[in-house]
Amino acid sequence: MSDGHAVDRFVQIGSLTKVVTGTVLTRMAASGALALEDPVERWLPTTASGTGITLLHLARHTSGLPRLPPGLGSDRDPYAPFDRPALDRLLPRLDTLVTTPPGQEEEYSNLGYAVLGAALTEAAGTTYEELVAEYVLRPLGITEMTAHPEPGRRLLAPGPGGRPRRPWTMDGAILPAGGLWATPRAAADLLVRLLVERRLGEPAPSWQQLGRLLWHNGATLHDSIFAGAVEDGRWVLIHRLNGDPEDTDRLAIENLKGRPTDQA
């Protein structure tokens, strides 16, 4: 790892959280706690007639659900009001929110991962953070990842006059879609141990694929991150504050193309 910034302080990793959620799903399926093809209504109170959406649809973004929950708050902190009661109010009408039939098309969906996270917690009878610790963090030996880092260990983007900017509130129902914080070194360990070393088996369906590259990015209001690895073991993780997410993606790809094996 090179050119890092405060690798021991916590940053928002945004949608890189989804690979953690997807790994929880596959690990729970391997343990027999649930099945990838379980209909969502097996675990959550949706429409009486069913939705046709499976847990795997949610993980692969093929559920037909839109990108965002309806009626989000302001751009300043849009996910703050989206708590579990707000999600529960949507569940009985999930079938009215889908834009395409489940399983037919891919549409990236934060709402889908909020639903997936809720289904996982209901199946296990515990909290999302406890699931992450049990199925991902402890098996990988990662300690610096949480939804609630100590305020003094957060690395926040500087605003006018150098004062820290306020981060988005993402510890409600949206947590499984993008609410985790991690130190950059912990995010790098997650990437290497899941994609390069394959310590937990085949990568979860949450990872995106482009040729030989498996990757995922993430962005909140002031943070952007890209994590990816190719088959020969080369990997890259870049996190930036106050940077354009598309530039973060581009820098990561350029960095990966120019690096020898086992460096990032």
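This is a predicted model: local features need pLDDT of at least 70, side-chain atom pairs count only at pLDDT 80 or more; totals for chains, interfaces and linings use all residues.

Before the first selection, one cut-off: a residue is called buried here when its relative accessible area is under 20%. Phenylalanine 226 comes out at 2% relative accessibility, so phenylalanine 226 counts as buried.

Colour by confidence to begin with: the mean pLDDT of the protein chain is 94, and 95% of its residues reach 70 or more. Now pick residues 260-264, where pLDDT stays under 50. For that stretch the model has 14 contacts beyond four places in sequence.

**Helix 6**

Next, select residues 128-140, which make up helix 6. How far apart are its end C-alpha atoms? They are 17 Å apart, which agrees with the 18 Å that 13 residues should span at 1.5 Å a residue.

Show side chains and you'll find a set of buried ones: Tyr128, Leu131, Val132, Ala133, Tyr135, Val136, Leu137 and Leu140. What covers them? Bring up helix 1 (17-31), helix 5 (110-124), strand 2 (145-146), helix 7 (175-178) and helix 8 (184-196), which are included in the cover. Then step off the end of helix 6 to glycine 141, whose phi is positive, near 70°.

**Aromatic pairs**

The structure holds 2 aromatic pairs. Start with tyrosine 79 and tryptophan 168: the ring centres are 5.9 Å apart and the planes are at 75°, so this pair is edge-to-face. Tyrosine 79 is in the loop between helix 2 (55-60) and helix 3 (84-90), and tryptophan 168 is in the loop between strand 2 and helix 7, so the pair ties together parts that are 89 residues apart in sequence. Are these two buried or exposed? Tyrosine 79 has 8% relative accessibility and counts as buried; tryptophan 168, at 17%, counts as buried too.

Now for the other pair, tryptophan 215 and phenylalanine 226: with centres 5.5 Å apart and planes at 5°, the rings are stacked. Tryptophan 215 belongs to strand 5 (residues 213-219) and phenylalanine 226 to strand 6 (residues 223-230), so this contact ties together parts 11 residues apart in sequence.

**Charges over rings**

Two last stops. Select lysine 18 and tyrosine 113: the lysine lies over the face of the tyrosine, at 5.8 Å from the ring centre. Then go to arginine 154, whose charged end sits over the ring of tryptophan 181, 4.7 Å from its centre.

Notes
Residues are numbered from 1 along each chain as its sequence is written. Side-chain values use heavy atoms; hydrogens and water are left out. pLDDT is the predictor's confidence in each residue, from 0 to 100. Contact means heavy atoms within 4.5 Å. Helices (H or I, at least four residues) and strands (E, at least two) are DSSP runs, numbered from the N terminus. The expected span of a helix is 1.5 Å times one less than its number of residues. Buried means under 20% relative accessible area, exposed over 50%, partly exposed in between (1.4 Å probe, protein chains only). Rings of Phe, Tyr and Trp (its six-membered ring) pair if their centres lie within 6.5 Å; planes under 30 degrees apart count as stacked, over 60 as edge-to-face and the rest as tilted. A charge sits over a ring if NZ of Lys or CZ of Arg is within 6 Å of the ring centre and within 35 degrees of the ring normal.
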